[in-house]
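This briefing concerns salt bridges and the helices, strands and loops that they join. Please look through the sequence and the model before reading on.

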Amino acid sequence: MNILISTLNARFSHASLATRYLYANMEEIQSQAEICEFTIQQDTDEILTIVYEKNPKILLLGVYIWNINETTKLVRELKALMPELIIVIGGPEVSHEYDDTSIFNTADYLITGWGDISAYELCRDILAGNAPENKVITGLQPKLEHIKMPYDYYTDFDIQHRTVYVEASRGCPFKCEFCLSSLDKTAWTFPLDEFLAAMDRLYERGLRQFKFIDRTFNLKREFTVSILNFFLDKLAKNPEESLFLHFELVPDFLPDEIKDLILKFPEGSLQFEIGIQTLNPETQKLISRKTNLVKAKENISWLSKHTTVHLHVDLIAGLPAEDLEKFADGFNELWSWEPQEIQLGILKRLKGTPIARHTKEFDFKYSPEAPYSVYENKDMDFATMNQMKNAAKFWDLIANSGRFSQTLPLLFNEKAFETLWEISEYMVSKFKRTHSIPLDKLFAEVYVYLTEIKKLPLEEVRETMGQDFLRIGLQGWPRYLGDKPEGFEDRFKNRIPKTATPKRQQQHL
């Protein structure tokens, strides 16, 4: 084995699509290559031992915002232990602004941009004794039909136990300045017949959760319709089998033909991730975000009221020309559209993104460490941004988690953001942190907030929170909820059926 293809995944449950692309396109030297994935939680010495025992000549490492720190440490230690090992890095985190980084200066080669074909060519030349002199290699961007699909290299274990990622297209035609996809000129689609044949093989092998990473899945109507019909056909032929599909959608383009197909999917089978990012027209213009908000509202409201699709809608705090009041207005407006989840994100200055052009005018200050989150700007100071991060954490724990779905109407009205701000301040004062909070203690503090801060009637709160407590199946009935329901112990044992729908999404149903 001469070539080790690797990355450090964020979690063990994630199966890397990129490593499988590299392996699939190794051509005649594929027999000399092997995929070996790690996680950022693993001890560096454990990874060193595995790589040392495999003793490859070349190590290919995918570098991302979530693993840059751990991968940098790994590369330094590998070079100290195995100086003869040729380390090749690539990926979005090292494709821009890399000159002064430790990982670039330690590695032997860097492939910027697309690596599907260029990684093979570099490994081929090195093994043939024709190693290139240039350390930086601009990745070749071939037509998608010239890239071999990687899906057969997901293992049976991956299919049964891990998140399997797929993509029907690459690129993005939009120019949102906070996003690396803004550097693409357009979007490209893989050959449809070949892609669907690969999906068919995954399905026949037992895959029931398909996570599409396409940036603009619904951009091309006929392409989208074909893929949705493919999965509807699977559901029709296998009605006893559940299915879960995740897509990222453009919010202001949802023609009737696609709507009609969406209505045919059963409850719990579809999740749409939708990037709104901001509802402030001035901010939209500054960041080159072109979204028809009237149409977006119409489509998201239709999806929330007339379908069983799980909606995960993104907002970003810290964008230029958006102070706390304007952000709150946008959050409350989005809340009125009734998505199941609002992902409250914090602006990050990703390397290579055009958002950097606003740094001076809006006095942006960013963390120099990944994930490069904004500290403050002239519209939101450091204290406000810190509280925003706390609010995002507790919104995720309470609203997005699905654990409090019956209780949410008691917590949040049309001024949802103002209430969230108050709740997050209260929770931080109680827990002194935003992580590692036991669920039973979170339930208890939500109860205290509703009864002592909002002063809602005890019986109303007990009845409503009791429904959520029973629904998610926490053990041990708490005294503050009153008398234990009859048959409580039996009710929580089989609380969530085994389906392809992930547990978090099931909790919203």
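**Salt bridges in the predicted model**

D468 and R471 both belong to helix α17 (residues 458-472), where they sit three residues apart, about one turn of the helix; helices (H or I, at least four residues) and strands (E, at least two) are DSSP runs, numbered from the N terminus. This is a predicted model, in which local features need pLDDT of at least 70 and side-chain atom pairs count only at pLDDT 80 or more, while totals for chains, interfaces and linings use all residues. Residues are numbered from 1 along each chain as its sequence is written, and side-chain values use heavy atoms, with hydrogens and water left out.

**Pairs within a helix**

- D468 and R471 form a salt bridge (a side-chain nitrogen of Lys or Arg within 4 Å of a carboxyl oxygen of Asp or Glu), with their closest N and O atoms 2.8 Å apart.
- D468 is buried at 0% relative accessibility, where buried means under 20% relative accessible area, exposed over 50% and partly exposed in between (1.4 Å probe, protein chains only).
- In helix α8, D233 and K237 lie four residues apart, about one turn of the helix, and their side chains meet in a salt bridge at 3.2 Å, N to O.
- D233 is partly exposed at 33% relative accessibility, whereas K237 is exposed at 60%.

**A pair between elements**

- E248 forms a salt bridge with R215, the closest N and O atoms being 3.8 Å apart.
- Because E248 lies in strand β12 (residues 244-249) and R215 in the loop between β11 (209-212) and α8 (221-237), this pair ties together parts that are 33 residues apart in sequence.
- E248 is buried, with a relative accessible area of 16%, while R215 is partly exposed at 35%.

**Whole structure**

- A search of the whole structure finds 29 salt bridges.
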